[in-house]
Every structure is written in structure tokens, then in C-alpha cells.
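The coordinates come first, and my notes follow.

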Amino acid sequence: MSTDTTPESTGVTTLTPAVVIVGAGPSGLSAARELAPRVGGEVLVLDRESAAGGIPRHSDHPGYGIRDMRRFMSGPAYARRLVEQARAAGATIRTNATVTGWAGERTLEVTTPQGRLRVEAGAVVLATGARERPRPGRLIPGDRGRGVYTTGHLQNIVHLRHGKVGRRAVIAGAELVSWSAALTLREAGCATVLMTTEYPRPDSYALFNLGGRALFRPRIATRTRVSRIIGKPDLRAVEIENLDTGARRIVECDTLILTGDWIPDHELARAAGITLDPGTKGPLVDSAFRTDRPGVFAVGNLLHPVDTADIAAIDGARAARSVLAWLNGESTPDGQVRLVAEAPFRWVTPEVIRRGDPAPARRRLLLWSDRFIPFPRVVLRQDGKVVARRRLWWPASPGRVFRVPSIMLASVNPRGGPVSVGVED
């Protein structure tokens, strides 16, 4: 059990759980569910939001829980189920608890409405997830009118606050979450008049593209970007630009949804000095979800921005084994081989493999492609030689995670140099 002490001189309450998990989304809650019955102390989950469950709790449409729960659920139902499972397993969940920094190798500083906490844990799991890049990060010029949202902001307004947006929307993006935004807009009584993508084709799966076109009937402008926002104090229109011809035109709208362009919530990892991968911008990890800070693990969309909620949940459940091994005093295998993504891949995760470690979750390497390739021939190279080559019968496409069977790593020399992961045209 954890102990609480409040030194009068500091006014800080000290907690000593066996494991502290930062983030009560799918990956964090799944890790808590697996760890709580198996450790000798408390498993404490901290989340800065007022309710646990992560992004799914305000994503009120079906499609959740397929891979991890073998069910087809709405986002809120999926979130509730994860919370129920974690609590039933014995985990403690504290909401409105914001982790503000580190006070030691595995000691966190936390602010809550009831006061400050110092959490000294045997192991730390970072499950802080990812977010869509807001307008300032996308460098879109123009007016600062009301009516510009990310998908998460939109769903929070519509599903949690039951608020309203405008009547005519442009969605910047044509990936999976873009169709989720279109569905939310439809529920709010707002028509999607245009979707844009900088790529030559919509980024989502063909099934979603067909279903979305049939349901929402939006125009989809490929090789196009939003180049200017027009209107203040309220949005009146956007200017869009064709990237091939440079032609620009004005589209009247009162709502703009910025979808995709994900970045991990990595501030806590950065504050700890944990090495970040330059591609994902999240912590660099091995297949056991270890960071390079002893006893600190990272899971979910913090590592691969962004995959589906059920894949993040599987990460969390899988990482529990590695956390238990650490708590039981098992040592990290010696030696490591670095995996490096080659163009057109932007990143690969996990980034490190070690002899004796478990296979990556679901026996898949996760990659992100900046180019559409119908049937890519994936190639692994090490020390100037091709060590594996395999044709895959599913496409690599921008806007969604590309999965490569980790069996391709079987030919890698565990004492060799870095392994590049690329494609042959």
C-alpha cells in the first residue's frame, strides 16, 4: 500500500505506490488493469482531466474496442469499460492531478485541487498520449476569427458540453480522424462542405473513404492546403491553394476543423532528459517499452502518434510484463541494435531491439509513410547488407500507421550496427 505523509514545513503530501502511471487513457488504464493484481503495492493512475478515459470518452461514435476487447463499442462506452476494469483490478485513479515535474529518478511532482503531491514510485509508466497540432503550430496565416478547432476540441464541445458550432465546415485533412470530425459535425447540425489533403489521395482506408463519401457527400480536394483564414471576430471563409498549380480559391465557411498532424505529449519525458526519437518526437524505447531512464516506461500514442485506441490499449497491457520484470529485479539484456527509418518512412517504433527481449506488441513494427505505396517491398539493411526483404500485400499510406511483421528482424545481427528500414521501388 502507498503511504501518505504531509511534512508541515513543505505542505507536500508524499505517496509511495509501487507503480505510478501518468495518463488515464486506453494505454494507461490497460497497464493499470494488468499491473494492479500482480504487484505488491498500489498502482496509482494520475490524469489532469476531470474524468478518466482519455480521448475516447468524448468521441461519441462506434469503432472502439475491436482488437483488445473483441467488441464494437462507442468511444464513451469503451472509456467507461476501461475505467471499470482498472478499478475492479484494484488500481487507484486520481483525476484533476497534473504532473508538473520530476523530483528524482522515479519521483513526480503533482498538483491537485487538494494540494501538492510528491509521488515516489518503484516504476513510472508514461501514457500521456498525443494531440493534434493547433493552428499556431501549422503556421496558417490570416485572421484570428472564432470557429477554428482541432478534432479533440470539437468533440469536447459537442459531446461533453453539448455545445454548438457553425453551419458550414471545412476539414483540413482526409484521414481516419477527419471522418470522425465529419461525423461529429453532422451530429451538431454542421455540414462538411470540403475536405482537403496535401496528398494525391485521401489518407484514410478505402472502406472509410467510401463510407464517408456516401454518408457526408463532401468534396475532397487533394494536393491542397488551407493557405489563409478569413474573417474576424468570426470565421467567414478560408483560402485554399493547389500545391501543384499554385491556384487559390475562396471557400465560404464558418467552421474550420484542423485534423491529424499529430504530436506526442512528450513534455514530461523531455523534462526527465529521456532520449526522444527525432521521427516520432516521443521517447525512444525498446520492444519492452523501456526508456533510457531506469524504471521509466512509455506506452501508447506517446510512442506512435497516432494509432487507434485499441492498439494503444494493447501497448499498455503488454508493457505490464516489463514493469513487473523491473520490479522483480530482472536486469535489462546487454547490447542493443538501433532501428532507423529510411525515406519514405518518417519513423519506426520500437526503435531499439535487444536479444532476449519480447517481440514488439502484436509482433509488428509500426511505421509512418510520407508516400502512398500500394504493395511495398520492405527492406532491412545492416552494415551495408540487405538482411531481410519482404513484399507486403497492404499499402503504406500517409495519414495512418503502417505495420510490418517483426519476424523480419530474425536475420538481424544482435552485435551489428544500426538497421535501416526502407522500401525498394
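I began with Arg364, which counts as partly exposed because its relative accessibility is 31%; buried means under 20% relative accessible area, exposed over 50%, and partly exposed in between, with a 1.4 Å probe and protein chains only. The model is a predicted one, in which local features need pLDDT of at least 70 and side-chain atom pairs count only at pLDDT 80 or more, whereas totals for chains, interfaces and linings use all residues. Residues are numbered from 1 along each chain as its sequence is written, and side-chain values use heavy atoms, with hydrogens and water left out.

I placed Arg364 in strand 25, residues 364–369, strands being DSSP runs of E with at least two residues and helices runs of H or I with at least four, numbered from the N terminus.

I then turned to Trp393, which lies in the loop between strand 27 (385–391) and strand 28 (401–405), and which counts as exposed because its relative accessibility is 63%.

Along the principal axes, the C-alpha atoms fill a box of roughly 60 × 60 × 40 Å. I also checked the radius of gyration, taken over C-alpha atoms, against the globule rule of 2.2 Å times the number of residues to the power 0.38: the chain has 22 Å, which agrees with the value near 22 Å for a compact globule of 425 residues.
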